[in-house]
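Here's a quick briefing to read with the model open beside you.

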Amino acid sequence: MCSVDTSHFWRAPCDTKVMSEDVEREIRSRCDGGDHNGALTAAIVAYGDEVYSFLVARHRDDDVAADVFSQTTMDLVKSLPTFAWRCSMRTWFYRLARSAAVRYERAPGNRRDRREALSQVSEAVQQVRSRTQVHLRTEMKDGMRRLREQLDEQDQLLLMLRIDRDLGWNEIAEIVEDNDDPAVISRASARLRQQFAKLKTRLRELAVAEGLIPAE
């Protein structure tokens with residue numbers, strides 16, 4: 001097996017790893033004080049770019065990603081008054097994005113609500129969209145893109161959340177399973193670790209085949 005660290009070859013754009021205790025505390029403080037608009041703004045500033053780029057990678061269509069991201073932000077607004085903080089706001093943002101993406105894929109023609117949502121949060125969405133588009137154009141490497149596109153959707157999701165976002169296994173399990181039951185998360189975390197180990201081997205093989213790293 002190749003021993004070269006190849007993670008930088010397939011790291012996705014918008015590699016922010018921005019979650020911090022200070023950010024989470026600020027968002028929670030705003031929620032506790034009833035400032036849900038402020039909490040939404042803080043969440044978008046902290047995590048919007050990475051969640052948006054996650055949607056671009058999933059849908060491979062910037063217009064679709066914008067539709068889904070706008071719906072995600074509206075779902076986030078609606079959830080803030082009752083959010084129980086059983087996971088981080090960052091994890092919750094991803095869970096909402098994944099749920100919105102699934103709904104879109106099941107009913108892609110139902111865009112009226114998404115357009116209305118976009119108009120309500122248009123400035124924040126457009127700022128995130130513009131920043132991410134620039135980053136995608138300037139930072140995405142052709143070799144890495146080819147590697148990613150050879151993977152199935154679940155492997156791409158796992159790669160993004162673990163390597164690009166540096167999320168913990170329990171956080172990834174909560175996003176993938178859309179669940180916070182400890183027993184479910186424990187089982188899912190173990191399964192995802194095994195899946196990721198196999199994925200790293202597959203990526204090394206692809207990198208060697210593409211000539212991105214030398215064969216050992």
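**Helix packing, a helix end and some charged pairs**

Helix 3 and helix 4 pack at an angle of about 145 degrees, with their axes 9 Å apart. Helices here are DSSP runs of H or I with at least four residues, numbered from the N terminus; axes are lines fitted to C-alpha atoms over the stretch in contact, and angles run from 0 to 180 degrees between N-to-C directions. Keep in mind that this is a predicted model: local features need pLDDT of at least 70, side-chain atom pairs count only at pLDDT 80 or more, and totals for chains, interfaces and linings use all residues. Residues are numbered from 1 along each chain as its sequence is written, and side-chain values use heavy atoms, with hydrogens and water left out.

**Helix 9 and its surroundings**

- Helix 9 runs over residues 153-164, and its 12 residues reach 15 Å from first C-alpha to last. That is close to the 16 Å expected at 1.5 Å a residue (1.5 Å times one less than the number of residues).
- Of those 12 residues, 9 are buried, so helix 9 is largely enclosed by the rest of the structure. Buried means under 20% relative accessible area, exposed over 50%, and partly exposed in between, with a 1.4 Å probe and protein chains only.
- Among the buried residues of helix 9 are Asp-155, Leu-158, Met-160 and Asp-164.
- Asp-152 caps the N-terminal end of helix 9, with a side-chain oxygen 3.3 Å from the backbone nitrogen of Gln-154.
- Just after helix 9, Asp-166 has a positive phi of about 60 degrees.

**Leu-199 in helix 11**

- Leu-199 sits in helix 11, which covers residues 182-209, and is buried at 2% relative accessible area.
- Setting aside neighbours within four places in sequence, Leu-199 is in contact (heavy atoms within 4.5 Å) with Leu-151, Asp-155, Leu-158 and Leu-159.

**Salt bridges**

- There are 12 salt bridges in the structure, each one a side-chain nitrogen of Lys or Arg within 4 Å of a carboxyl oxygen of Asp or Glu.
- Arg-25 and Asp-22 pair up at 2.3 Å, N to O. They are 3 residues apart in helix 2 (residues 21-32), so about one helical turn separates them.
- Asp-22 is exposed at 53%, and Glu-21, Asp-22 and Arg-25 are linked in a network of salt bridges.
- Glu-105 and Arg-58 meet at 2.9 Å, N to O. Glu-105 is in helix 5 (residues 89-106) and Arg-58 in helix 3 (residues 36-59), so the bridge ties together parts 47 residues apart in sequence.
- In that pair, Glu-105 is partly exposed at 38%, while Arg-58 is buried at 16%.
- Asp-180 and Arg-86 form a salt bridge at 3.0 Å, N to O. The pair links distant parts of the chain, 94 residues apart: Asp-180 is in the loop between helix 10 and helix 11, and Arg-86 in the loop between helix 4 and helix 5.
- Asp-180 is partly exposed at 29%, and Arg-86 is exposed at 61%.

Note on methods: Helices (H or I, at least four residues) and strands (E, at least two) are DSSP runs, numbered from the N terminus. A polar contact is a pair of N or O atoms within 3.5 Å; within protein, one must be able to donate a hydrogen and the other to accept it, and residues adjacent in sequence count only if both atoms are side-chain atoms.
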